[in-house]
Amino acid sequence: MTKEFWQEEIETMPRKQLEALQVERLKKTVEIAMNSPFYGPIFKERGITPESIKSVEDIRRFPFTTKQDLRDNYPFGLASVPLDKVVRLHSSSGTTGKPTVILHTQKDIEQWADAMARSMYCIGLRNTDVIQNTSGYGMFTGGLGIQYAAERLGALTVPAGAGNSLRHLKFIQDFGTTALHCIPSYATRLAAVLNENGVDPRETKIHTLIIGAEPHSEAQRKRIEEIWGAKAYNNFGMSEMCGPGVAIECKEQNGMHIWEDNYIVEIVDPQTLEPVKEGELGELVLTTLNREAMPLFRYRTRDLTRIIPGDCPCGRSHKRLARFQGRSDDMMIVKGVNIYPIQIEKVIMEYPELTSDYLITLDTIGDNDEMTLEVELVQLVDDYAYLQNLNKELSRRIKDEILITPRIKFVPKGSIPQSEGKAVRVKDNRQNH
Amino acid sequence: MFSIKRIKQLSVFLENKEGATAQVFNILKDAGISVSGASLSDTADYALMRMLVSDSQKAQQVLLANGINCVESVVIGYKLDSLEEVTVVLNELARKKFSINYMYITSLGSGNAHYMVFRLSETDKFFEQAARAEFVVEDFN
Ligand SMILES: [Zn+2]
């Protein structure tokens with residue numbers, strides 16, 4: 001019988017034992033972070049010491065850490081070890097303000113490689129595989145993070161790097177690549193390049209794609225699997241936590257197991273910062289348990305997700321995160337209800353009569369919040385009854401989703417500016433907002 | 001002789017807000033497009049205004065450029081010598097099992113003749129039958 005787990009004991013550890021391990025590692029992490037110029041004074045003020053940590057619940061005594069904290073303390077303000085112990089740094093590009101830096105000791109690098117190797121093993125990759133990495137090898141953690149992990153796994157690793165699809169094609173053919181690491185949109189683009197060059201992606205030896213670092217839908221995954229004739233697994237990582245290797249889907253493809261021996265997972269209401277009920281949507285908050293150069297406590301990832309309740313048939317006891325539902329910064333509170341644009345977007349996607357672009361406008365009418373939803377009709381139809389039905393059905397479906405009935409406005413195709421950002425998708429004209 | 005016009009009509013999507021209808025007429029006027037007929041029934045949240053204009057393609061362009069949704073469709077114009085004819089035509093359409101989506105009466109052309117304008121579910125079938133019956137079918141615009 002073939003082995004299913006990279007580290008069976010940890011991956012299938014009973015919850016109670018896993019929590020005990022978390023407590024032990026949290027204590028250790030507090031001990032390390034007491035040395036950091038950032039956390040040291042905070043811990044002192046709050047009386048946080050290793051001895052005072054009794055259970056995982058103690059995590060609520062810690063303040064949240066945000067990206068802004070990382071910016072304000074750029075570059076080394078969150079270092080918990082002397083810089084001579086730091087062997088590498090990764091940095092964000094800082095396109096929206098000051099950059100951020102994440103530091104790694106030798107042990108951090110090894111732990112990270114091990115976690116991602118575990119993730120690779122989880123989706124069936126072995127030392128017999130040829131893993132080609134399409135991520136850039138620079139400050140972005142998708143390059144070196146995958147490289148070290150694949151080597152740790154013992155796979156033949158092809159550090160092809162970003163761009164140059166023709167070269168990727170040549171490597172896939174020449175080296176007999178069996179697995180590809182890429183962002184979902186590149187999986188589609190590269191497949192198109194193969195086709196243009198007379199190579200059917202399904203005829204290559206590639207049987208697995210590790211996809212992540214970009215939001216994508218279940219439909220997109222299915223399409224990728226179809227065009228490649230391969231399995232595609234959603235992989236989650238963020239440089240603040242190390243990089244790729246934080247969570248991955250198992251073969252069940254129903255949620256990503258987050259490696260809880262390395263992280264304490266919380267899902268909180270982005271407004272109140274109180275924990276949501278298990279299974280409800282909220283912001284993912286992570287605490288590192290196995291890092292020493294720069295541990296982070298209750299780091300607000302801004303990613304919206306929920307915990308999938310219940311046990312996974314694969315036998316892993318680590319919690320599963322549902323597919324990410326956008327960013328917590330996108331949240332609006334309308335008539336006291338938390339609403340995320342993605343909830344509306346999901347409904348719009350169900351209608352082939354509509355394009356994927358939309359605009360939400362919020363107004364105050366009297367004392368009430370009013371929501372107007374502009375959607376683009378692919379083609380206006382000269383039929384009042386048809387439009388009325390579409391209008392009614394759409395507003396009913398949206399009400400089912402967000403508990404609020406929007407006023408629907410059909411606008412011509414192409415009249416809503418295309419954008420990813422909240423600024424353009426939501427226009428808040430309300431007073432006191 | 002029956003005179004039947006094949007008319008390119010513009011259906012304009014109107015929001016229920018003050019000045020929405022006026023805005024459409026102003027945009028068309030500024031673009032040098034003349035309106036020879038229009039029909040607007042009572043509106044709830046929005047309405048479809050049907051319009052007969054001198055240059056349907058150009059009208060579409062300028063309205064869409066102003067973020068006003070519209071679509072062109074082919075409707076049938078039937079020249080009325082008297083209003084009693086409306087009943088005759090409707091009976092005839094019913095006998096031939098055509099169903100009418102909507103209809104309105106407007107004056108058209110230089111002679112200001114009255115036309116009954118209607119849209120059928122099966123416009124193509126209507127024109128086929130009209131041709132077979134050797135009606136004179138002309139393009140209006
Ligand atoms: Zn599983």
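The legends below describe close-up views of a predicted model.

**View 1. Helix 5 of chain A crosses helix 6 of chain A.**
Helix 5 spans residues 106-122 of chain A, and helix 6 spans residues 141-153 of chain A. The two pack at an angle of about 70 degrees. Their axes lie 8 Å apart. Angles of 65 to 115 degrees count as roughly perpendicular, and helix 5 and helix 6 of chain A are therefore roughly perpendicular to each other. Their crossing is right-handed. On the helix 5 side, the contact is made by A:Ile109, A:Trp112, A:Ala113, A:Asp114, A:Met116, A:Ala117, A:Met120 and A:Tyr121. Helix 6 of chain A answers with A:Gly145, A:Ile146, A:Tyr148, A:Ala149, A:Ala150, A:Arg152 and A:Leu153. By class, the residues of this contact are 12 nonpolar, 1 polar and 2 charged.

**View 2**
Leaving aside neighbours within four places in sequence, A:Met120 is in contact with A:Leu125, A:Ala149, A:Ala150 and A:Leu153.

**View 2. A:Trp259 in its loop.**
A:Trp259 sits in the loop between strand 9 (256-258) and strand 10 (263-268) of chain A. Is A:Trp259 buried or exposed? A residue needs 20 or more other C-beta atoms within 10 Å to count as buried. A:Trp259 has 27 such neighbours inside 10 Å, so it counts as buried. Neighbours within four places in sequence aside, its contacts are A:Ala115, A:Arg118, A:Val246, A:Ala247 and A:His318. A:Lys319 is 60 residues from A:Trp259 along the chain. The C-alpha atoms of A:Trp259 and A:Lys319 are separated by 7.8 Å.

B:Leu48 belongs to strand 3 (residues 46-53) of chain B. B:Leu48 is buried, with 23 other C-beta atoms within 10 Å. Its contacts, apart from neighbours within four places in sequence, come from both chains. Chain A provides A:Asp382 and A:Tyr384. Chain B provides B:Ser11, B:Val12 and B:Phe13. B:Gly19 is 29 residues from B:Leu48 in sequence, and their C-alpha atoms are 15 Å apart. The contact between the chains takes 12 residues from chain B and 13 residues from chain A. On the chain B side, strand 1 (3-15) and strand 4 (70-80) each supply at least two residues. The side of chain B that touches chain A has 5 nonpolar, 5 polar and 2 charged residues.

**View 3. Helix 10 of chain A passes helix 11 of chain A.**
Helix 10 covers residues 341-349 of chain A, and helix 11 covers residues 384-402 of chain A. Their axes come within 10 Å and cross at roughly 145 degrees. The crossing is right-handed. From helix 10 of chain A, A:Gln343, A:Ile344 and A:Val347 take part in the contact. They meet A:Arg397, A:Ile398, A:Glu401 and A:Ile402 in helix 11 of chain A. The contact of helix 10 with helix 11 of chain A has 4 nonpolar, 1 polar and 2 charged residues.

Most residues other than glycine have a negative phi, and most peptide bonds are trans. A cis peptide bond joins A:Tyr74 and A:Pro75, with omega about -5 degrees. A:Pro75 falls in the loop between helix 4 (67-72) and strand 1 (86-91) of chain A. A:Arg302 is not a glycine, yet has a positive phi of about 70 degrees. A:Arg302 lies in strand 12 (residues 299-305) of chain A. A:Arg302 is partly exposed, with 17 other C-beta atoms within 10 Å. A:Lys335 is not a glycine either, and its phi is positive at about 50 degrees. The loop between strand 15 (332-334) and strand 16 (337-339) of chain A holds A:Lys335. A:Lys335 has 12 other C-beta atoms within 10 Å and is exposed.

Conventions:
Residues numbered from 1 in each chain as written. Chains lettered and ligands numbered in written order. Predicted model: local features only at pLDDT ≥ 70, side-chain atom pairs only at ≥ 80, totals over all residues. Axes fitted to C-alpha atoms, helices over the stretch in contact; angles between N-to-C directions. Helix = DSSP H or I, 4+ residues; strand = E, 2+ residues; numbered from the N terminus. Parallel < 35°, antiparallel > 145°, perpendicular 65-115°, else oblique. Left-handed = near helix turned anticlockwise from the far one by under 90°. Contact = placed C-beta atoms within 7 Å. Nonpolar A, V, L, I, M, F, W, Y, C, P; charged D, E, K, R; others polar.
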